[in-house]
Structure formats: C-alpha cells, structure tokens
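Q: Before the details, could we go through the features one at a time, with the general idea placed ahead of the case?

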Amino acid sequence: MIYTFLLSCLITATSCNRDSFTPSQGDDIKNSGDVTIVMTNTNRAYDLTKKYVDFSTKFNMSPNTITLNPTQKFQTMDGFGAAITGSTCFNLMKMSKEDRTKFLTETFSDKDGMGMSYIRIAIGCSDFSLSEYTCWDKEGKENFGLQSEEKQYVIPVLKEILAINPNVKIMGSPWTPPKWMKVNNLTDLKPFDSWTSGQLNPKYYQDYGWYFVQWIQAMKKEGINIYSITVQNEPLNRKNSASMYMSWQEQQAFIKQSLGPQLKAASIATKIYAFDHNYNYDNMADQQDYPVKIYNDAGAASFIAGAAYHNYGGDKAELIDIHNQRPDKELVFTETSIGEWNDGRNLNKRLMEDMREVALGTVNNWSRGVIVWNLMLDTDKGPNRDGGCQTCYGAVDINKSNYKSITRNSHYYIVGHLSSVVKSGATRIGATGYTAEGLVYSAFQNTDGTYAVVLLNESNDNRKITLADGKNHFSYEVPANSVVSYRWKN
C-alpha cells in the first residue's frame, strides 16, 4: 500500500528502545546478517550497495515501525525487467564477450546480480530495430521465417541471458503485421503499403493468427519459450515508425476469431494480454476502458489473461479502475521511457519520480510486473531510426567510443531494486504502520517464505525505520532521497 501522509507526531528517540530505533552499530562493515539490504540514493553515494543487519533482540517500541501482514494478499508477481530491442542487442554484441557476460550476469543472475526476471521483445521489428521487417514480408506460408536481425543479434543475446537465468520470462509484442495484411481503413479496404499506421484487413485474421503461432514455435525451436504476448504495441498510436491502429472492437474480434483459437489448437500456453498502451487511451472517447470492453465478450475474454499498460499519458490510478471492474483479469506494466523530454539522465529527479510512479506505483495498483523500455542504448541515444524516438535514453547507456563504459540510469535502478528482493511467484502482502510525506513502500512474501520490502524515501531527511513481521524486527536508517530494498527469512 502507498502511504504519503504527514507524520502525525514526533516522538524523541529517548522514549523508545534505542536498539529498535537506530541502526545497529557497525552495520556498514558487516558482510552477512539476518537481513540483506540493497540501497541506492540520488547522488550515487550508494549505488545498488549491498549491506546487512541482524534482527533486534530487544522489545520494539519504535514509533517508526512498518508491520507486515502476510494474511492480507494481493497479486502474484511475474517479474521485473526491460525490453531487449534490436538496438539493445546491437550494443550488447558490440561489447567484448567478457564485458557483456559481466553486465548480463550483474543484471539477470539471481545469485550474482539483481535477478531481472521479465523481458519484452518485438515480434518482428520495433521502433528500436536496425531495420523495418516482419517474419513474413512476402505472401505464402513458405515465406515465413526468423530474420537476420533476430538471428544475428536478438536470439544470441536471449540465449546468453537464459544461460545466466533460465527462469527469465519473455513477452513478445508486434509493432506491425506484415504490410500485405494492412489496409487504409475498414471501409475502403485499400492496400496500405507502409510500416506506419494502417489497419489489419479482417480477411487476414486467420493468417495473422497463424503468424503468431509460427513465431512462438520458431522461438521455441531456438530454445526460447515465450511466456506472454500482447496483440499490438500501442494500438492507438498511428505515428510510430512501425505501428498499426487497432481499436478495441478489432482486437476483440481478432482474439476471439483467430488468435485465441489458434494458440489453443496448437497447445500453446502463452498468455495473451490485451491493449498494451497508455492509461488515458490517447484521449479517444470511444476507446476508454479498452480492455474491459474486450472482456465484455465472454468468448474473447476466455482467451485473455489480462491487460498491459504504458504511462505516456494518463495516471496509474487507471490500473485500480480496471482492476476494480475486472478483478479476475491480470495487469502488467510493459513500457515506460526516459529521454530528453523528462530530464532522463538526471538521477536526482528521475530516481524518485520513476520509483514512485512506475515501480512502486504500478505494483501497488495491482500490476504483476514492471518492464521498462530499452535495456541499453549508446551515448548517442541509438541505434535509432527516422520516425522512431530520437531522444530516448536506455535503462543504461554505453559509451559509443569504446562499448565498455556504462552509465546506469533511473530505470535500471527501479527495476533492479524490485528484482533484487522480489522474485517471480512472490505475493504482494499488506503492510501498515509508520507513514510520512514522501515515504512509499510495498511488501511481499516470496515462494521460499522470505519477506521483501522495497521502500522509497523521497524526503530530504534520513529516516530511522523499523520493519517487523510479527516474529522478528530490525531497524535501519534510510538515507534521504534513496531507495532501499530488504529481504529476510521468515
């Protein structure tokens, strides 16, 4: 739950048990302990820094106590990560094998890194691919096939990631179908020979469903299991370099008539997520509550796990609204970006805002996962293409002059702070108690029984906070303008 209320009273430390209220002495030099702590602050004095503290042996009287309630259960977590785009893979493959392995291990390893656990890839090209293509650019089923960008860059990187962490979940999203399936509109049905915009010709619904099946099966032959798909990236955005408009009515019909039945017939268990666009539905009145309108058809809804959202317009409160309308359906957050427009390399600003609005904000509003945009771009914000984003930064940026020096941006930290302590299959649980302005947190119980808490202190003051689980408690001083992740055994 999110707590952003003013602290109602101030109680001096002398009125409390000191051991419970202040950090244990010497915790900075401990290399093991009951509780593992990961910490980052905006000036990088702490930079995913790992520390340890022990449970207190004294009675807890701290007024700054947050108490976990594992009997109050919310959603199950799928994972956290970033998009492995063509551009990301190009940059990774430019690195030396040794440096690339080191970075991917730090990012994806559960044992030796942050354990990122959910990634998103394009089905065909995206606006951050090296070229425009699909896997079926010429009619005739014999012409389907994985393309050179996938074979040279994306698949080799995915295999390296899976070798480090075989449990990473992979989501696939198309930015455009093959151009020969597109029409200018659903009235004229004239061929639309463009990667940008257009609509799916209903006469090709069955072919396009077959395309999804073939792509999932082709990736499986490469040893890559596709956990989930979305039907269309940003279906209300006609302007991306690779894009297609798809109303809720079209998506409902395509899922019900083709995609759902074809995945089922092929015994493919890959989850289908609807929508995959902004909280505000790009202010289109007839497209409001897009996924709920799709769910209203029971036949279509039977094939759909839930809905996916981006944050380029609107507010995260939309997730609560959709959950309340259909609590039986899942939610996942699948894209957000940093760039020149939002001061993307200013960690002092972005770490706080992105942790509040994206990481904890979506999780506390029922999202099962958080996936940010490009994992890695170069210091020239690329490779990028005309018509795509020319001003985006990556979760990390690699120096284009040597493909060695890496700068970690806010998105790397916000996902890392979640994935380092909250593992796939964890359940978000209740947490109550201490509240203060600028304090946001979320609590979880992992499948191994461990507890995890991720906490944001957006104030300019250090905060001495005690965490309690009903059995054990411990205290730690949370630095000003910082994010702290905790994990401990029950």
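**Reading the model**

A: Leucine 48 lies in the loop between E1 and strand E2 (49-53); helices (H or I, at least four residues) and strands (E, at least two) are DSSP runs, numbered from the N terminus. This is a predicted model, in which local features need pLDDT of at least 70 and side-chain atom pairs count only at pLDDT 80 or more, while totals for chains, interfaces and linings use all residues. Residues are numbered from 1 along each chain as its sequence is written, and side-chain values use heavy atoms, with hydrogens and water left out.

Q: What is the phi of leucine 48, and is leucine 48 buried or exposed?

A: Buried means under 20% relative accessible area, exposed over 50%, and partly exposed in between (1.4 Å probe, protein chains only). Leucine 48 is not a glycine, yet has a positive phi of about 50°. With a relative accessible area of 17%, leucine 48 is buried.

Q: Which loop holds aspartate 282, and what is its phi?

A: Aspartate 282 sits in the loop between strand E10 (271-278) and helix H7 (290-295). Aspartate 282 also has a positive phi of about 50° without being a glycine. Its relative accessibility is 27%, so aspartate 282 counts as partly exposed.

Q: Where is proline 383, and is the peptide bond from glycine 382 cis or trans?

A: Proline 383 is placed in the loop between strand E15 (376-378) and strand E16 (392-393). The bond that joins glycine 382 to proline 383 is cis, with omega near 0°.

Q: How many disulfides does the structure hold, and which cysteines form a disulfide?

A: A disulfide is a covalent bond between the sulfur atoms of two cysteines. In the model, the test is a pair of cysteine sulfur atoms within 2.5 Å. The structure holds one disulfide. Cysteine 389 and cysteine 392 form it, with their sulfur atoms 2.1 Å apart. The link is right-handed, with 110° about the S-S bond. Cysteine 389 counts as buried at 17% relative accessibility, and cysteine 392 is buried at 3%.

Q: How far from cysteine 89 is the nearest cysteine sulfur, and which cysteine sulfur is nearest to that of cysteine 135?

A: Cysteine 89 is in no disulfide, and the nearest cysteine sulfur, that of cysteine 135, is 14 Å away. Cysteine 89 is buried, with a relative accessible area of 0%. Cysteine 135 is likewise in no disulfide; its nearest cysteine sulfur belongs to cysteine 125, 9.5 Å away. Cysteine 135 is buried, with a relative accessible area of 0%.

Q: How many cavities does a search of the whole structure find, and which residues are closest to the centre of the largest cavity?

A: On a 1 Å grid over the protein atoms alone, a cavity is a set of points where a 1.4 Å probe fits but cannot get out; a pocket is an open set with protein on both sides within 12 Å along at least five of seven lines; lining residues have an atom within 4 Å of a point. Grid points are joined across faces, edges and corners, and a volume is the space filled by probe spheres set on the points. The search finds three cavities of 30 Å³ or more. The largest cavity has a volume of about 130 Å³. It is lined by 19 residues, of which Ile84, Ile121, Ala122, Gly124 and Val154 are the closest to its centre. Strand E5 (118-122), helix H4 (148-164) and helix H5 (205-221) each supply at least two lining residues, and H4 gives the most, with four.

Q: What volume has the largest pocket, and which elements give two or more residues to its lining?

A: The largest pocket holds about 540 Å³ of space. Of its 23 lining residues, the closest to its centre are Thr36, Val38, Lys50, Gly113 and Ser420. Strand E1 (35-41) and strand E24 (482-488) are the elements that give two or more residues to this lining.

Q: How many residues of helix H11 are buried?

A: Helix H11 (residues 410-419) is mostly covered, with 10 of its 10 residues buried. Among them are Tyr412, Ile414 and Leu418.
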